[in-house]
Amino acid sequence: MRDYTERDAAFTKEIKAIGERGASKLNGDARSAPSLTILRGVVKKGLTLEQMFERIVQGVESGLWEPWLAPYGIELRGVNYNKGEPRNARLALDLSLACKANSAFANAGLPNWRSLVVEDCMQVQIDKPTEKAGAKVYAIFTLDAAK
């Protein structure tokens, strides 16, 4: 049985509100979404997230894309690997309670960053909590979508 704290209760309340509101779809491209500005500037594995996005769009070093994104809590959920074509990638940013992106936003002083991210993303995916695992919440963004 999991122990619940005030932090869990606040998170549950925020996720419930996010689920009811849904994605606003204001700027679903991860390269230009205002809510991801802080995250795009963070350096992991010697590159900023913004540089990683540009390399993905260019189609170089394709074997490194998923390991590059993992330290940010981003999953690559579909991508076109064909050279010379748009990537049409779907990126899932983890919004869960203990997600990897939380520290970057907390250091920037944005406690309500999840709500801001949901304003930009294309879709919100919420997986219900179980007895052994907490809720899984993802904001889905695109990268270099085909027109």
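Let's start with a pair of charged side chains: Arg31 and Asp29 join in a salt bridge, 2.9 Å from N to O. By salt bridge I mean a side-chain nitrogen of Lys or Arg within 4 Å of a carboxyl oxygen of Asp or Glu. Arg31 is partly exposed, because its relative accessible area is 26%. Here, buried means under 20% relative accessible area, exposed means over 50%, and partly exposed lies in between (1.4 Å probe, protein chains only).

Some ground rules. This is a predicted model, where local features need pLDDT of at least 70, side-chain atom pairs count only at pLDDT 80 or more, and totals for chains, interfaces and linings use all residues. Residues are numbered from 1 along each chain as its sequence is written, and side-chain values use heavy atoms, with hydrogens and water left out.

How many salt bridges does the structure hold? There are 4. Another one links Glu61 and Arg55, with 3.1 Å between the closest N and O atoms. Glu61 is partly exposed at 37% relative accessibility. Arg55 is partly exposed too, at 30%.

Now the sheet. It is open, has 4 strands, and runs in the order E3-E4-E6-E5 with antiparallel pairing. The edge strands are E3 (74–76) and E5 (123–127), each pairing on one side only. On average, neighbouring strands are turned by 30° against each other, direction ignored. That angle is between lines fitted to C-alpha atoms; in general, angles run from 0 to 180 degrees between N-to-C directions. Strands are DSSP runs of E, at least two residues, numbered from the N terminus. Two strands pair if DSSP finds at least two bridges between them.

Take E4, residues 89–94. E4 pairs with E3 over 3 bridges, and with E6 over 6 bridges. Leu93 is the bridge partner of Ile74. Leu93 also stands opposite Ala139 in E6. Is E4 covered or open? Mostly covered: 5 of its 6 residues are buried.

Next, Tyr138, in strand E6 (residues 136–143). Tyr138 is buried, because its relative accessible area is 10%. Leu95 is 43 residues away from Tyr138 in sequence, yet their C-alpha atoms are 5.4 Å apart. Contact means heavy atoms within 4.5 Å. Leaving out residues up to four places away in sequence, Tyr138 touches several others, including Glu75, Arg77, Leu93 and Val124.

Arg77 and Glu75 form a salt bridge, closest N and O atoms 3.1 Å apart. Arg77 is partly exposed at 30%, and Glu75 is partly exposed at 35%.
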